[in-house]
Amino acid sequence: MTNENYRKCRTCRFARHDAEGWACMPEGTPTHDDGTCGRYRPGCCENCNSFSMGVCGRTGSEVYELDVCDLYDPSGSL
């Protein structure tokens with residue numbers, strides 16, 4: 001079963017909300033919370049808030065930024 005939040009701008013750290021709506025920062029275009037960004041690859045470490053300078057903050061392991069994390073939760077509940 002696919003998570004309904006998968007690939008949504010509201011789960012992407014590169015999407016920003018302001019008083020008027022949402023903007024996709026990598027593409028520099030307006031969007032909305034249910035929209036998606038063509039460059040956004042959900043599940044990859046570069047989109048994870050626990051990833052910093054090549055290290056996973058949850059496991060302490062060195063990881064490549066384009067690796068996909070098995071612990072990734074697009075709803076942000078973990």
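Q: What share of the 78 residues of the protein counts as buried?
A: The share is 29%. Buried means under 20% relative accessible area, exposed means over 50%, and partly exposed lies in between (1.4 Å probe, protein chains only). This is a predicted model, where local features need pLDDT of at least 70, side-chain atom pairs count only at pLDDT 80 or more, and totals for chains, interfaces and linings use all residues. Residues are numbered from 1 along each chain as its sequence is written, and side-chain values use heavy atoms, with hydrogens and water left out.

Q: How many helices and strands does the protein have?
A: There are 0 helices and 5 strands. Both are DSSP runs numbered from the N terminus: helices are H or I with at least four residues, strands are E with at least two. Along the sequence the pattern reads β-β-β-β-β.

Q: What makes S1 and S2 a pair?
A: Strands pair if DSSP finds at least two bridges between them. Here 4 bridges join S1 to S2 (residues 21-24), and the two run antiparallel. S1 and S2 therefore meet the rule. Aspartate 18 stands opposite glycine 21 in S2.

Q: In what order do the 3 strands of the open sheet stand?
A: The order is S1-S2-S3, with antiparallel pairing. S1 (15-18) and S3 (29-31) each have a single partner strand, so one side of each is left without a neighbour in the sheet. From one strand to the next, the twist averages 35°. Its angles run from 0 to 180 degrees between N-to-C directions, with axes fitted to C-alpha atoms.

Q: Why is the meeting of aspartate 34 and lysine 8 called a salt bridge?
A: A salt bridge needs a side-chain nitrogen of Lys or Arg within 4 Å of a carboxyl oxygen of Asp or Glu. For aspartate 34 and lysine 8, the N to O distance is 3.8 Å. The pair therefore qualifies. Aspartate 34 is in the loop between S3 and S4 (51-52), and lysine 8 is in the segment before S1, 26 residues apart.

Q: How close are the N and O atoms of arginine 10 and aspartate 34?
A: The closest are 2.3 Å apart, and the two residues form a salt bridge. Arginine 10 lies in the segment before S1, so the pair ties together parts 24 residues apart in sequence. Salt bridges that share partners join Lys8, Arg10 and Asp34 into one network. The count comes to 2 salt bridges.
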